[in-house]
Amino acid sequence: MSGSLQLGLFPDEHEAARVPDLVPDEVDIYILNLSGGKDGPRAAALALDTARAAGVEDRVYTIHASLGPLEWPAVTVDGIRYPGSSELAALHSRALGVPPERHIEVRRTRELEGERVPYDLLTYIAERGDWPWKGVLPCRSDWKTGPIYGAFSSMVRDRKKRLGRPTICANVLGIRADESADRKKRPALRTTTENTARIVHEWSPAHQVTTQEVKDWTDERGLPHQWCYDSRPGAGDWMGSSRCSCSLCVLANQRDLLLAVRRRPRLADLYALVERVRGVPFNPNTSMAELIERAGRAKAPDPGVVIEDEGPEFDAMERAVEAALKKPATRARYVRPASAADALPGGCDSCAAGGAAAPVSGREV
């Protein structure tokens, strides 16, 4: 045995007592979530070091749950190409030393006119008639956690059959304590799924690592970071967006939203169309229409780059959204919390892993 990872991971001893030990060489599958953001690689590196020390590096996989056109795309400035989030996640995986065949990308799809096509989150929002918000986050559960778990289902079944017991998975997230008050209280290790097929321990090994330490670690190792973090692509100054989740995340802070609106005006206009047709504001604290108006003011943050969002993938999403808006919403409008105190000021960099999902017992995802 390689020893327990439990000590030092919890705010107090009472929290630790509720979660079983995570013994490195007893974990059957390590799932390292990479969103293309800055926190995933730091957490993944810590988990990978642990797996290597235990001699089970071959059990490590990296995964990226793509949100398609809603992610930060690649841009080319002065002849230099800066990768988008999906590509960057794959680059991070290789930089960590994970073989390419053990990096997985998933994206939600659906059948449409007899063909399997991408199912974009904004299309779902347009169909539903309301936006994700704290406590109601399909962007995490249905577009990330579900597809990620699904990607490992056959592997889980095979190992269960061979081992004669549930497959033990370590779901490694880039959640850190200084992102928000909620995440500071959140345990760095907890069991989120326990059934006859699998036991999933959610592990955030970088929970106590500060934002500055993450940036320093990234720069010291020459690891590429998402261009959206900079004032302009290639600046390397970490003066752009504070987070790298959806380009226009409902939980992002105001500066990040204004910056994203200026950087991706076509996407912002599509969000505003959904908002206008469905009559529901982008989030309880602001509307997309207001954000677009404020982004046009002189004191709005300099975007550094403006993305045209031209291409078949974005065009397909736009057509799907417009088609959805021609039909009645699938659910009635409801009133969400109006208090600004309910907002998560930092956004959700760990979105790739369904970061705020509550522990689930006895459910096969």
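## Terms and model

Buried here means under 20% relative accessible area, exposed means over 50%, and partly exposed lies in between (1.4 Å probe, protein chains only). The model is predicted, so local features need pLDDT of at least 70 and side-chain atom pairs count only at pLDDT 80 or more, while totals for chains, interfaces and linings use all residues. Residues are numbered from 1 along each chain as its sequence is written, and side-chain values use heavy atoms, with hydrogens and water left out.

## Nonpolar cores

Let's start inside. A nonpolar core is a set of buried Ala, Val, Leu, Ile, Met, Phe, Trp, Tyr and Cys residues joined through side-chain atoms within 4.5 Å. The largest one has 48 residues, and Leu122, Trp131, Leu248, Tyr271 and Met288 touch the most other members. A second, separate core holds 27 residues, including Leu22 and Val214.

## Salt bridges

A salt bridge puts a side-chain nitrogen of Lys or Arg within 4 Å of a carboxyl oxygen of Asp or Glu; the whole structure has 18. In one of them, arginine 110 pairs with glutamate 127, with the closest N and O atoms 2.9 Å apart. Arginine 110 is partly exposed at 22% relative accessible area, whereas glutamate 127 is buried at 19%.

Aspartate 28 and arginine 165 also meet, at 2.8 Å from N to O. Both lie in loops, so this pair ties together parts that are 137 residues apart in sequence. Aspartate 28 is buried at 8%, and arginine 165 is partly exposed at 31%. Elsewhere, Lys38, Asp39, Arg176 and Asp178 are linked in a network of salt bridges.

Notes
Helices (H or I, at least four residues) and strands (E, at least two) are DSSP runs, numbered from the N terminus.
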